[in-house]
Amino acid sequence: MLSQSKLRTKRQQNAILLYSSLLMLTVVAYSLNLIDSQLMLGVDQLKDMSTLITRLVAVVVLFQAVVWLYRNKAYRGLKYAFNHYVNVLRLRRAFLDANYFNKRLYLNTEIAELPKINIEFKTNFSNAILSIENININKDIGDVSISFALKNFIVDRAYLSKNENFFVFEIYDSTIDQQLKFNDLQAIRSYSLQLDDYTLVIDKSTNISLYGTLLVGQTGSGKTYALYSLILQMLTKNVKYNIYFADPKNSSLAVLGERISAECTATSMEDIITLLQSFNKSMEDRKTELKNKLNTKLEATYADFQYEPYIFIFDEFASFQTVLQTMEKKKRDEVMKLMSQVVLQGRQLGFFLWIVMQKSDATLLPTNLRENLPVKFVLGNAENQTYTTAFGTGVDIPSRDFNLGQGVFTCPIVANTPKICHFSYLDFDILEAVTFLKKERGVV
Ligand SMILES: Nc1ncnc2c1ncn2[C@@H]1O[C@H](COP(=O)(O)OP(=O)(O)OP(=O)(O)O)[C@@H](O)[C@H]1O
């Protein structure tokens with residue numbers, strides 16, 4: 001019996017059988033030719049037989065080539081075939097190394113039956129969907145290092161297919177930079193206008209709709225710049241965005257907020273609470289307005305009626321929360337009620353709370369608020385505790401050394417499990433861009 005590491009796959013076993021038969025046939029054809037030419041027998045049967053065998057070998061080789069081209073999707077381009085072939089080969093090797101196969105008897109020999117593999121490459125081979133057959137519930141595909149086997153490709157998300165017959169891996173080429181770079185306002189405006197008025201771009205492969213959002217990241221991880229890229233997109237859309245800024249640290253976001261809309265910017269506790277009240281008041285007005293329209297379309301949202309979105313950006317929420325805890329209970333309850341209302345009712349009405357902080361543990365952000373923010377970003381290299389509080393326990397986080405503005409996120413539909421994202425690189429003066437937009441539009 002072959003030892004575990006030398007166990008052949010069915011494909012290898014077939015190949016050995018096929019090629020040894022072909023070799024034998026070739027030898028026979030050659031010998032017949034030799035006999036004929038050396039002995040000058042002129043026996044027609046010998047000639048015919050050698051020709052027949054040569055043709056047979058040619059047909060088998062041709063058939064093999066066609067099967068190889070078909071298996072590796074050569075009809076969709078040789079590059080595709082090559083990539084498919086190389087990656088499938090690497091994965092098959094990784095399965096053998098990790099013992100992820102079933103042992104079967106084949107032509108009286110024990111072979112390793114590997115799972116079926118399919119790779120669907122997408123645009124420019126930068127992304128792909130890899131499906132691996134779920135062959136045995138007792139074996140853990142986690143033992144196979146898929147990212148390692150795939151060399152340049154990295155697993156972004158992994159999940160079980162709906163019928164549970166396949167493990168699906170969303171993979172991307174790590175050598176291709178997903179980050180968008182904008183050298184001026186015009187560049188980000190053109191990009192943003194390619195999307196609809198209620199969709200924002202994150203990176204080359206991620207666009208998201210508006211939702212309540214939690215943005216977490218240690219200092220210097222790129223949170224503020226991530227916000228800048230989203231705010232600039234909002235200001236260049238065809239529909240007006242009403243952005244409210246609460247910045248208890250009175251830092252760069254407050255400066256930007258004052259430039260965009262001073263009356264919707266607050267830095268002190270009292271002003272922030274008043275701003276929250278005014279935000280809620282606008283939401284109540286929208287509720288009445290939308291209710292009348294819903295008589296015509298029951299499941300519609302603000303976007304169906306081209307209503308303006310309202311975004312309340314709460315920077316350094318932890319520092320606000322710390323001061324709030326020192327205030328009387330009545331005040332604390334009022335603030336929490338204001339925020340909960342937006343988080344729970346705002347989606348259909350077009351009112352969204354965006355909370356920005358360095359850590360999202362329960363002492364700083366009440367669980368009911370956190371759990372009802374559908375979009376969550378964790379930028380930079382965060383501690384495990386931060387990932388757990390943001391995304392919950394038992395969730396796999398793609399491990400990477402994250403650059404500035406890079407991290408993981410979850411978002412309904414787009415990313416149900418944490419997926420890598422990389423916010424745009426902005427290489428221009430943000431304040432100048434905002435001032436220009438304000439002058440141009442006269443509305444921001
Ligand atoms: N997307 C980006 N484009 C250009 N520069 C960036 C980007 N992200 C970060 N930077 C650079 O990194 C610095 C730190 O980023 P940023 O201020 O956004 O981090 P932060 O997470 O908001 O930090 P803090 O919590 O201390 O405010 C910025 O001053 C900027 O120079």
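Tutor: Gln 218 lies in the loop between β11 (213–217) and α6 (223–236). Helices (H or I, at least four residues) and strands (E, at least two) are DSSP runs, numbered from the N terminus. This is a predicted model, in which local features need pLDDT of at least 70, side-chain atom pairs count only at pLDDT 80 or more, and totals for chains, interfaces and linings use all residues. Residues are numbered from 1 along each chain as its sequence is written.

Student: Why does Gln 218 count as partly exposed?

Tutor: A residue is buried if 20 or more other C-beta atoms, placed from the backbone, lie within 10 Å of its own, exposed if 12 or fewer, and partly exposed in between. Gln 218 counts as partly exposed because it has 16 C-beta neighbours inside 10 Å.

Student: Is Gly 222 buried or exposed?

Tutor: Gly 222 is placed in the loop between β11 and α6. With 23 C-beta neighbours inside 10 Å, Gly 222 counts as buried.

Student: Which residues are in contact with Gln 218, leaving aside neighbours within four places in sequence?

Tutor: Contact requires that the C-beta atoms of two residues, placed from the backbone, lie within 7 Å. On that basis Gln 218 is in contact with Gln 358, Gly 380 and Ala 382. With residues up to four places away in sequence not counted, Gly 222 touches residues including Gly 217, Leu 379 and Gly 380.

Student: What does UniProt list as "binding site"?

Tutor: The unreviewed UniProt entry lists, among them, Gln 218 and Gly 222. UniProt positions are given in the numbering used here, feature names are shortened, and annotations may be inferred rather than shown by experiment.
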